Amino acid sequence: MYGPYVPIYPVDSYSDSDFISSLPMPPPYESVVFSYDDIHYGWKFRKNLGMYVQINDKIYGPYNDVGDLIFFGDGSKYAWVYKKNDKEYIQINDKLYGPYDITGRIRFSINGSKYGWWYKKDNKWYVQINDGGLNKSKSYGPYEDYENYALNILVFSNDGSRFGWAFRKGNDWYLQVNDEICGPYSDVWDLRIFNNESKYVWEYRGKDALYYVQINDKTYGPYFSVDKLRFSDNGSKYG
């Protein structure tokens, strides 16, 4: 048996007892999450005004707030984002990353061999890519701030061999796939990497205000508009 815990109220609600009394009683912990192999399990809970994460019989914390607990790869890796003293951190197993001003959600390849996140530190944006060894990592950037963001969603292939994201520099957008930078574009979106990792694709608006489709090193267009691309499961057919 685990516990006892106190109800998980919104972090800011503890200063207002009338507000607390008007809330429906929340559960004292969030749903238990299991790894794919069912060896690891965990949940987050509140105790004495602090938030904690429990993985099997080990407890981490206290924190001011905690994001979603995730397991990835073969189940041997688990991670969460937490906030403490107005800074954000990422915890992956017993390895701690940060502090950051802001950090994004952790993204990972299906097999868990690569994972990463974007973060903001000292008013500059970066992308961090880690391999499965936890101790090998590479940061990309800095990138310019643009309306309080600089990067769009980080994408990985299933086996982690390819990864990419878009970023803004000046008035232009660029796409990075592994260590290769493509652009400049007026806009770029919808990076996808196929299941067999042999093809990756994105759509962009060129400096001529027309639209293009890029599949690996081959460019299609220009077009006045582009509908959403469709692909077979293995990426061998598309249109």
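This is a predicted model: local features need pLDDT of at least 70, side-chain atom pairs count only at pLDDT 80 or more; totals for chains, interfaces and linings use all residues.
Modeller: Let's start with a rule: two strands pair if DSSP finds at least two bridges between them. Residues are numbered from 1 along each chain as its sequence is written, and side-chain values use heavy atoms, leaving out hydrogens and water.

Biologist: Okay, so what makes β19 and β20 a pair?

Modeller: Count the bridges: 5 of them join β19 to β20 (residues 200-205). The rule asks for at least two, so they pair. The two strands run antiparallel, and Asp187 has Arg205 as its bridge partner in β20.

Biologist: Which strands make up the whole sheet, and in what order?

Modeller: It's an open sheet of 4 strands, ordered β19-β20-β21-β22, with antiparallel pairing. At the edges sit β19 (187-193) and β22, each pairing on one side only. From one strand to the next, the twist averages 15°.

Biologist: How do you know that β21 and β22 pair?

Modeller: Same test: 4 bridges join β21 (residues 211-215) to β22 (residues 218-223), and at least two are needed, so they pass. Tyr211 has Tyr223 as its bridge partner in β22. The two strands form a hairpin with 2 residues between them, and Asn216 in the turn has a positive phi of about 55°.

Biologist: Now Phe163 in β16 (residues 163-169). Why is Phe163 called buried?

Modeller: Buried means under 20% relative accessible area, exposed over 50%, and partly exposed in between (1.4 Å probe, protein chains only). Phe163 has 6%, so it counts as buried. Leaving out residues up to four places away in sequence, Phe163 touches several residues (contact means heavy atoms within 4.5 Å), among them Lys114, Tyr140 and Asn178. The C-alpha atoms of Phe163 and Asn178 are separated by 5.5 Å, with the two residues 15 apart along the chain.

Methods: Axes are lines fitted to C-alpha atoms, for helices over the stretch in contact, and angles run from 0 to 180 degrees between N-to-C directions.
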